[in-house]
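The following exercises concern the structure shown below.

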Amino acid sequence: MHNKTIAEISRDLASGEYSSTELTTDLLNRVKQLDGDINSFITVTDEQALAQAKAADERRAAGNADAWTGVPIAHKDIFCTNGVLTTCGSKMLSNFEAPYDATVVSKFNDAGAVSLGKLNMDEFAMGSSNESSFFGPVANPWDKERVPGGSSGGSAAAVAARLVPGATATDTGGSIRQPAALCGVTGLKPTYGRISRWGMIAYASSLDQAGTITRTAEDAALMMNVMAGFDPKDSTSVDREVPDYTSSLDNSIEGMTIGLPKEYFRDDLSADMQQQVRNAIAEYEKMGAKVKEISLPNTHLAIPAYYVIAPSECSANLSRMDGVRFGYRCEDPKDVEDLYCRSRGEGFGNEVKRRIMIGSYALSAGFYDAYYKKAQQVRRLIRNDFTNAFNDVDVIMGPVTPTPAFKRGEKTSDPVEMYLEDIFTIALNLAGLPGMSVPCGQVNNLPVGLQLIGNFFDEGRLLNAAHKFQQATDWHLKTPADI
Amino acid sequence: MEWEVVIGLEIHAQLATKSKIFSGASTAYGADANTQACAVDLGLPGVLPVFNEDALRMAVKFGLAIDAEIGLKSVFDRKNYFYPDSPKGYQTTQLHHPIVGMGHIEIELDNGETKRINVTRAHLEEDAGKSVHEGFDGMSGIDLNRAGTPLIEIVSEPEMRTAKEAAAYFKKMHSIVTYLGICDGDLSQGSMRCDCNVSLRPKGQEEFGTRTEIKNVNSFRNVERAINAEIERQMDILEDGGKILQETRLYDADKNETRAMRSKEVENDYRYFPCPDLLPVIIDQDYVDAVAATLPELPNAKRTRFESEHGLSATDAGVLAANRELADFFETAAKAASDYKLAANWVQGDVSAALNRLEISIGELSITAEQLGRILQLIKDSTLNNGGAKEVFNALIDGKGDDVDGLVDSLGLKQVSDTGTIEEIVAKVLADNPKLVEGYLATPVEKRGKAMGPFIGLTRKAAAGVNPQVVMEVLKKKLEELG
């Protein structure tokens, strides 16, 4: 049962192959057996999940079932869930129960999905290895000595370990695509504004975007059908029609033009990695796609710009964690300043503190123009690079990461080395574009991802291209040896 | 040395929206602590602001009323600082792109002249909550009911030269915002608060002296007193050859002096940057025109009209036009009586006296403008004399009835104006007092006017409610007939 995709589960539940209760019980047992090593869940909501499954089975018995009725998923612990802990991977929120559901969560609840619990992540979504979580690192199911990527490491690892068929995730600089690539699963980061951010704890508001981690592109399309859409509670969500993302999955890609940015295939990408990506492109050519070399000349500015904008926004977004109204509070504060200093000093981990400090510095009087304003200008240049490229091509493709999954501890002592993990993913967030990571090969028995980048709101085409690739290849079906 | 005083004011006015500027919580005053603060006002993780369109409309209305440029694109910024009653750790305000640009108003000076004061800008922002320092056993309580209440901060140019001018400016702003119905103007509840920037410079010097800012002054009288106290303080220092420190001060009304706030409370680098959760607010000229069409007649226009249409003196017109409710009351009563001068005298006399005595506003007065109009009508057609009118007026104020004509009857105040009746009474008075008549006739003709006094008294004594004017005429005639 646990090897089934969301699409298969939906069909099996409809045909009565098994009930949602049976499936949910099976998956919860798997979590109990396997997640001790992997640590992909922060909170498992057994009782709630079984109650949801029972209700789903009853609805089905009454003849009121839809595609999502009784389908299990899990949420990244950045999405607020009414009455269930939402920690954001931090000690600061280790006791926080939101009195509301994130829009994404309530949409899945309304669709009848079953939530198994809340998934591990880098603290406040800051990290590329899931090592900054207060709840411990997540192991990569392909090699438990290695990281699953981050920040949605729990989501990617749980799907890779077949603990859950699909998971919500978020992506601010690569946090869906990079862990999906490192864990050999399919990740989709939609266009900024496509999915509501209400109830999704903000890291960098202008970059954060909810998305999906699944085994297949088809499943991503099914999740998108639930998640996408305008939300009056999020002023930055876009009021634009939501297509049925499954309807274009099987479109022919004959004649599709793929752009290969020359900046993405330089020396910093190893020959092995290059080969896997090139093989995938060749697969597309076989299917009738045309390939064109393009240039995204400002690519090298993406990481510096990101590490001004994201920390600046987070320095303000995380100010509300002050120990006054919710969350961690230090023992016996002397006065209000002591309360702030120690609650935040003790509640936040090092990476979070580092970014708050970088952001506070970048925004401080006399530095704003040199850093924040300049970074926003760079952001426009990067966006223009893509806009120009999409005049000539339909989809841009390239690697997701410079290397496959690295060992735990390998990059923790050098933050800049860690930041470079996102060198191919970060520019999309600055531009607001949608992107996917699709398993496309292996290096040293570790999965490698192919990145697909689409034009604004062109998720349908990305899903179509990914689906066609998955029809032609079986990289997405490969399972870690221990699983 | 002769000094010139330079004063600029920053006025915070709470906008009279039903809900808060970025949330749906109520703005009503006086509820139990924290019962009108929703998740957004509490700054819980994951929540997002949505801009209240009513606040925008009111701000535009204000801009139009002071003849200002309206910002067709305004942008919300985050002003970062930690304070327990600022739940997010930043205030959402408008720094570089305010909704209202340069405008101006006119204030009336004591010498009857008017002076134009330019308004630099007015911007929208959210109010903070309140810290409560008593009753929590060494701790502080936080009440976030007020957090998120929309404010418009109105910044003047430093163009006032006396405390009196500053008070007049504050009063005029109060009059404008209450006229527009965008602020309830209740100073005691903090609906309008004023920061006063004060500096001195040697007369003739162009360069400004160092200024201090007196925070949160909340009455017209205290604006004048606080500024005068600060002027005195600064002058003492300067006369002694000292230097003014640029600082924030508080006014102590009991001691009538200003004192410096702790420097810790004021030294802040606010690290402003555009709020990424809110889109720039874009409006077009059509929107502005539609708001303009809803503008009521403003104090200055009303004053001018009262002078030209109703022939009131400048002073009367100024007093009556300053308050919209008073002006409306006056006009309604005057129209009913077809006598604007009579109505102006009554509204400024008996009506204002009653308001002061009862310490209520005109809306709470138990006499309506229509009732006053009826009383004035009865004075004009001689049904009532002045004393009778006052009696009816007071009966209405005291709630002893609500039918003017009914009260005139039941109190027996109807004047006898019928000449025939009065002739009979006068004839009887003359017949009953032959000695007085003799005395009168012996009086030289030029002194007879005064000598008529006793007869008038006797006539009125003989029959209460006789019209004194008619009595005079009849007496004159009858006595002349006698010689």
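**Exercise 1.** Determine which strands pair with strand 5 of chain A, and in what sense.

*Solution.* Step 1: strand 5 (residues 186–189) of chain A is joined to strand 6 (residues 209–214) of chain A by three bridges, and the two run antiparallel. Strands here are DSSP runs of E of at least two residues, helices are runs of H or I of at least four, and both are numbered from the N terminus; two strands pair if DSSP finds at least two bridges between them. Within this pair, A:Gly187 stands opposite A:Ile213.

Step 1: strand 10 (residues 435–443) of chain A is likewise joined to strand 5 of chain A by three bridges, in the antiparallel sense. Here A:Leu188 faces A:Met436.

Step 2: in a regular strand the side chains alternate between the two faces of the sheet. For strand 5 of chain A, one side carries A:Thr186 and A:Leu188, the other A:Gly187 and A:Lys189, and all of these are buried. A residue is buried if 20 or more other C-beta atoms, placed from the backbone, lie within 10 Å of its own, exposed if 12 or fewer, and partly exposed in between.

The model is predicted: local features need pLDDT of at least 70, side-chain atom pairs count only at pLDDT 80 or more, and totals for chains, interfaces and linings use all residues. Residues are numbered from 1 along each chain as its sequence is written, while chains are lettered from A and ligands numbered from 1 in the order in which they are written.

**Exercise 2.** Characterise the surroundings of A:Arg383.

*Solution.* Step 1: A:Arg383 belongs to helix 12 (residues 369–389) of chain A. Step 2: A:Arg383 counts as partly exposed because it has 17 C-beta neighbours inside 10 Å. Step 3: leaving aside residues up to four places away in sequence, A:Arg383 touches A:Leu430 and A:Ala431, where contact requires C-beta atoms, placed from the backbone, within 7 Å. Step 4: A:Gly432 lies 49 residues from A:Arg383 along the chain, yet their C-alpha atoms are separated by 7.9 Å.

**Exercise 3.** Describe how helix 9 and helix 11 of chain A pack.

*Solution.* Step 1: the axes of helix 9 (302–317) and helix 11 (350–363) of chain A come within 7 Å and cross at roughly 100 degrees. Axes are lines fitted to C-alpha atoms, for helices over the stretch in contact, and angles run from 0 to 180 degrees between N-to-C directions.

Step 1: the two helices are therefore roughly perpendicular to each other, the class that covers 65 to 115 degrees; angles under 35 count as roughly parallel, over 145 as roughly antiparallel and the rest as oblique.

Step 2: the residues in contact include A:Tyr307 and A:Pro311 of helix 9 of chain A and A:Ile356 and A:Leu363 of helix 11 of chain A. By class, the residues of this contact are eight nonpolar, four polar and one charged. Ala, Val, Leu, Ile, Met, Phe, Trp, Tyr, Cys and Pro count as nonpolar, Asp, Glu, Lys and Arg as charged, and the others, Gly among them, as polar.

**Exercise 4.** Describe the side of chain A that touches chain B.

*Solution.* Step 1: 35 residues of chain A are in contact with 25 residues of chain B. Step 2: helix 9, helix 10 (336–347) and helix 11 of chain A each supply at least two residues of this side, and helix 9 of chain A gives the largest share, three residues. Step 3: this side of chain A has 19 nonpolar, nine polar and seven charged residues.

Key
Contact = placed C-beta atoms within 7 Å.
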